[in-house]
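Subject: Handover of a structure, with notes

Dear colleague,

Please find the structure below, followed by an account of what was found in it. I would be grateful if you read the notes with the structure open beside them.

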Amino acid sequence: MTIYLDDYKTFDSTQELNYHIKQHELANHDVLTVSNREILRFISRYSVKYSGAAHLKANTIAEGVQKSVRTIQRTLSKLEELGIIERISTIRIKSGGSGANIIVIQPFVTARLSDREVTEKAREDKGKVGKPPKETIHNRSISSNTFDTDSKPLNHPVSLKNSIPKKLYDALSPFFNADDLYKTIGTLYRAKATIDRDINSEDHEEYINAFYAVMRRYKNGKVRDLYGYLYSAWRKVSRRIFFKSMIVFDT
């Protein structure tokens, strides 16, 4: 059941995971209580196999740290507000309804990239892409085209085509109707903004390659939450680009 957590990994190793946990704790020293830290470390221990991602119920955490479920829920909300974790809701396949959240530990970034301005920018980007559909994306809103070179974009408004960088539009448009294309672009911009909003996605082919990889899995029935997978994949791409840009080479 947990094999899909590999798509939500935010780190390449346990060592990297532990480093970012420590940085989060240091940066939020004045606002994290002893209880908050204990809960965060419990989550991190469950996130070792899929570095940074765990499928955990509040009850499981409560039993593990011997605290009330209410305390766990308050702490999770606090950690999410601080940008330390992200909770991704899931749906029970057989019985329906909400399942346990996927808890994703976020990479620690410098104050320049993790301040309120970045959060507000991400919210602005989300608002600009229009209201998401009430239902999750279905095959009917995905073009029947696969990855052949003769794929042609669906009939989108000129304003939409002109508002998206050409390289991204050409890659994404064959797969979505207008509403879903707006939502997909918004997903890309929000994922990028959590790491570095100044990255120009159209300058990095990795974003398109990651999109194609997710779409292949989606068409093969291996992806249940398309936008969640895209968000995770694009965030990983942004993280790699960001860290590459921080490398200083000796001359």
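The score pLDDT is the predictor's confidence in each residue, from 0 to 100, and the helices (H or I, at least four residues) and strands (E, at least two) are DSSP runs numbered from the N terminus.

This is a predicted model, in which local features need pLDDT of at least 70 and side-chain atom pairs count only at pLDDT 80 or more, while totals for chains, interfaces and linings use all residues. Residues are numbered from 1 along each chain as its sequence is written, and side-chain values use heavy atoms, with hydrogens and water left out.

Confidence

The average pLDDT of the chain is 76, and 73% of the residues score at least 70. Contact here means heavy atoms within 4.5 Å. Where pLDDT is low, the predicted coordinates should not be read in detail.

Overall build

The chain contains eleven helices and three strands. Their order from the N terminus is α-α-β-α-α-β-β-α-α-α-α-α-α-α. Of its 251 residues, 45% count as buried; the term means under 20% relative accessible area, with exposed over 50% and partly exposed in between (1.4 Å probe, protein chains only). Among contacts with a separation of 6 or more, 65% are between residues 24 or more positions apart.

The three strands form an open, antiparallel sheet in the order 1-3-2, where two strands pair if DSSP finds at least two bridges between them. Strand 1 (53-56) and strand 2 are at the edges with a single partner strand each, so one side of each has no neighbour in the sheet. From one strand to the next, the twist averages 25°. Strand 2 and strand 3 run antiparallel and are joined by four bridges; Ile88 has Ile102 in strand 3 as its bridge partner. Helix 4 (residues 69-81) packs on this sheet and touches strand 2 and strand 3, its direction making about 115° with that of strand 2. Such angles run from 0 to 180 degrees between N-to-C directions, the axes being lines fitted to C-alpha atoms, for helices over the stretch in contact.

Nonpolar cores

In soluble globular proteins, nonpolar side chains tend to be buried together. A nonpolar core is taken as a set of buried Ala, Val, Leu, Ile, Met, Phe, Trp, Tyr and Cys residues joined through side-chain atoms within 4.5 Å. The largest one has 37 residues, and Phe176, Leu181, Phe211 and Trp234 have the most contacts inside it. At least two residues each come from strand 3 (101-105), helix 8 (166-172), helix 9 (178-193), helix 10 (205-219) and helix 11 (226-246). Helix 11 gives the largest share, nine residues. A second, separate core has 21 residues, including Leu40, Ala58, Val65 and Leu79.

Beyond its neighbours within four places in sequence, Phe211 is in contact with Ala171, Leu172, Phe175, Phe176, Leu230 and Trp234. His20 lies in helix 1 and is buried, with a relative accessible area of 3%. Leaving aside neighbours within four places, the contacts of His20 are Phe11, Pro107, Phe108 and Phe243.

Salt bridges

Side chains of opposite charge can pair when their charged atoms come close. With a salt bridge defined as a side-chain nitrogen of Lys or Arg within 4 Å of a carboxyl oxygen of Asp or Glu, the count is eight.

- Arg235 and Glu86 form one of them, with the closest N and O atoms 2.5 Å apart. This pair links helix 11 to strand 2 (residues 85-88) across 149 residues, and both Arg235 and Glu86 are buried.
- Arg37 and Glu25 form another, with the closest N and O atoms 3.8 Å apart. Arg37 is in helix 2 (residues 34-46) and Glu25 in helix 1 (residues 14-27); both are buried. A network of salt bridges links Glu25, Arg37 and Arg41.
- Glu80 pairs with Arg87, the closest N and O atoms being 3.1 Å apart. Glu80 is partly exposed, at 30% relative accessible area, and so is Arg87, at 25%.

With kind regards
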